[in-house]
Amino acid sequence: PESSKQGASTLDVSIGQEVNTKQDLAWVPGKQSNGFFLILGASGSGKTETLKVLGKGISEFGTPVLVLDFHGDVKFPGLESVLLSSGTSSTIGLNPMELDSHSAEETGLYDQRKVIRDMIRNAVPALGHRQGSILRDAIEEAYSSRGFKDADPATWRLAPPTFSDVVAILTTWSEDDSKKSQRSSIEGCIAAVQEIFEHPIFQRSKHVAIEDILSKSMRLDLSRLSDEVRYITAETLLRKIFRVLRLKGPIPVQPQSDHERFRLFVVIDEAKILSTGGGDPDSPDRVLNLLFTEARKFGLGMILALSLIHI
């Protein structure tokens, strides 16, 4: 339909027909309070196909779409696919410890470190209380050793530490006789996070560019990653996207078209991955809860699929 093509002012995606009346059905997110769409269904019920229809329609309208593809099968024309994996065919990575100096007045170094700590603890529920405290100290040491200072946002533009730096610090502590009383907890912390922290995608120098995500439709294939690495990767990207959109400022109070109303749509094919793990799933700090409450005003729409399990 004409309304789904670039140049139209209203995003109007045809999604099929009503079963009984055969009436055409369309999703017009600009007429709703937000651009969120939730797809629920059992395995094989058509969730992935619905994601493809919605994503293709949005992309054809001219609004960028980011697909976080946890299963590797959400593909439609116009998507640039990027594989994130440990293999040699994957060359792109990301650094979850990279900070945002532009948000210094709103979220200081302490707050951003806390977000990283909470993300890791959610991804690795096996971390005990003592191990979590040790991990916190190691993360703080990693930033301090790179010259980061809480009171000086200019230092936040220095090259950030990496997960490998944190593992190196923990390893040094485990061999330090002055920390002998903590050795068991330190070694337990290393055992819980080492395999995740040393994953190749967290070691690469070339990173996923948020500017690319906001300018074209892109599919990030996360299907080859473990659940823990997928969780950290997806949450890191979503938080980076939210920070960039927030820096652009709110969308107009009365947008003239859906091109002004929506800057990006994120498609997630199995959203439960971002709501499981440790921590309180209802906490306002969890990334999906943050986006559901805050993202609309900055032009972010979301399309999520969840599997229903029959018992």
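This is a predicted model: local features need pLDDT of at least 70, side-chain atom pairs count only at pLDDT 80 or more; totals for chains, interfaces and linings use all residues.
Mentor: Residues are numbered from 1 along each chain as its sequence is written, and side-chain values use heavy atoms, with hydrogens and water left out.

Trainee: What makes K56 and E60 a salt bridge?

Mentor: The term asks for a side-chain nitrogen of Lys or Arg within 4 Å of a carboxyl oxygen of Asp or Glu. In K56 and E60 the closest N and O atoms are 2.7 Å apart, so the pair meets that rule. By this rule the count comes to 16 salt bridges.

Trainee: Why is K56 called partly exposed?

Mentor: Buried means under 20% relative accessible area, exposed means over 50%, and partly exposed is what falls in between, with a 1.4 Å probe and protein chains only. K56 has a relative accessible area of 31%, and therefore counts as partly exposed; E60, with 35%, is partly exposed because its value also falls in between.

Trainee: How do you know which parts of the chain the salt bridge of E98 and K240 ties together?

Mentor: The side chains of E98 and K240 meet at 2.9 Å, N to O. E98 lies in the loop between strand 5 (80–83) and helix 2 (109–123), whereas K240 lies in helix 7, so the pair ties together parts that are 142 residues apart in sequence. E98 counts as partly exposed because its relative accessibility is 35%, whereas K240 counts as buried because its value is 13%.

Trainee: Why does D258 count as buried?

Mentor: D258 has 2% relative accessibility, and so it counts as buried. D258 also forms a salt bridge with R261, with the closest N and O atoms 2.4 Å apart, and both residues lie in helix 8 (residues 258–261), three residues apart, about one turn of the helix. Elsewhere, salt bridges that share partners join D69, R219 and D221 into one network.

Trainee: Why are helix 4 and helix 5 called roughly antiparallel?

Mentor: Axes are lines fitted to C-alpha atoms, for helices over the stretch in contact, and the angles run from 0 to 180 degrees between N-to-C directions. Angles under 35 degrees count as roughly parallel, over 145 as roughly antiparallel, 65 to 115 as roughly perpendicular, and the rest as oblique. The axes of helix 4 (residues 163–174) and helix 5 (residues 183–197) come within 9 Å and cross at roughly 155°, and the two helices are therefore roughly antiparallel to each other.

Trainee: What is the angle between helix 2 and helix 7, and what is that arrangement called?

Mentor: Helix 2 and helix 7 pack at an angle of about 150°, with their axes 9 Å apart, and they are therefore roughly antiparallel to each other.

Trainee: Why is helix 7 called roughly parallel to helix 9?

Mentor: The axes of helix 7 (residues 227–248) and helix 9 (residues 287–294) come within 10 Å and cross at roughly 25°. That angle makes helix 7 roughly parallel to helix 9, because angles under 35 degrees take that name.

Trainee: Why does D118 count as partly exposed?

Mentor: D118, whose place is in helix 2, has 28% relative accessibility and therefore counts as partly exposed. The C-alpha atoms of D118 and E98, which are 20 residues apart along the chain, are separated by 15 Å.

Definitions and conventions. Helices (H or I, at least four residues) and strands (E, at least two) are DSSP runs, numbered from the N terminus.
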